[in-house]
Structures are given as C-alpha cells and as structure tokens.
Amino acid sequence: MGILSYFGEIIKTKHPDIQASVKIEQDGNFVRLHIETEDGTKEIIEKTLEDYTLVVSNQAPIETLFE
C-alpha cells in the first residue's frame with residue numbers, strides 16, 4: 001500500500017492540476033502500474049517484479065520505475 005500511495009504522490013507533485021487514479025497489478029513476474037486520469041487518458045507502465053522489489057527495499061529510487 002505504501003508504494004501505491006507514493007506513486008499517487010509523485011503524480012500529484014508532477015501534475016498537480018490532473019486528477020488520476022493509480023492501480024498496481026501483478027501477473028507472474030511482471031508488475032503493471034495503471035494510471036488513469038479523469039478525462040479517460042490511460043497509461044500502463046510494465047516492469048519486472050525484480051524492479052519493483054528494488055524500489056520497495058530502497059535499493060533503487062522510485063523514479064527508475066518511470067524510465
């Protein structure tokens with residue numbers, strides 16, 4: 001829950017004028033970050049579970065998930 005909340009904070013900081021919802025989905029070894037704005041714009045960021053694990057364990061900055 002903490003990392004999901006932090007993604008929301010990053011979006012608010014980078015785009016304060018945009019309301020967006022964030023959802024994380026795991027499918028096997030892949031994790032998808034779904035971002036949807038009020039106007040229906042959708043973005044999906046897909047990374048391996050290993051990438052998310054590095055962020056959660058503070059071994060990589062959260063910004064690496066957005067590269």
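**Strands, hairpins and a pocket**

L33 has I45 as its bridge partner in strand β3, strands here being DSSP runs of E of at least two residues and helices runs of H or I of at least four residues, both numbered from the N terminus. This is a predicted model, in which local features need pLDDT of at least 70 and side-chain atom pairs count only at pLDDT 80 or more, while totals for chains, interfaces and linings use all residues. Residues are numbered from 1 along each chain as its sequence is written, and side-chain values use heavy atoms, with hydrogens and water left out.

Another partner in β3 is K47, which is bridged to V31. Together β2 and β3 form a hairpin with 4 residues between them, and in its turn G40 has a positive phi of about 95°.

Strand β2 also pairs with β1 (residues 20–27), again antiparallel, through 8 bridges. Within this pairing, S21 has E36 of β2 as its bridge partner. The hairpin that β1 and β2 form leaves 2 residues between the strands, and G28 in the turn has a positive phi of about 65°.

How many of the residues of β2 are buried? The number is 6 of its 8 residues, which makes the strand mostly covered, where buried means under 20% relative accessible area, exposed means over 50%, and partly exposed lies in between, computed with a 1.4 Å probe on protein chains only. H34, found in strand β2, counts as buried because its relative accessibility is 19%. Its side chain is joined to that of E25 by a polar contact of 2.6 Å (a pair of N or O atoms within 3.5 Å, of which, within protein, one must be able to donate a hydrogen and the other to accept it, residues adjacent in sequence counting only if both atoms are side-chain atoms). Leaving out residues up to four places away in sequence, H34 touches S21, V22, K23, E25, E43 and I44, contact meaning heavy atoms within 4.5 Å.

T37 is likewise found in β2, and T37 is buried because its relative accessible area is 18%. Apart from neighbours within four places in sequence, T37 is in contact with I18, Q19 and A20. I62 is found in the segment after α2 (49–56) and counts as buried, at 6% relative accessibility.

The largest pocket has a volume of about 230 Å³. Of the 13 residues that line this pocket, I11, H15, I35, E43 and F66 are the closest to its centre. On a 1 Å grid over the protein atoms alone, a pocket is an open set of points where a 1.4 Å probe fits, with protein on both sides within 12 Å along at least five of seven lines, and lining residues have an atom within 4 Å of a point. At least two lining residues come from each of α1 (2–14), β2 (30–37) and β3 (42–48).

Technical notes
Points joined across faces, edges and corners; volume = space filled by probe spheres on them. Pairing = 2+ DSSP bridges.
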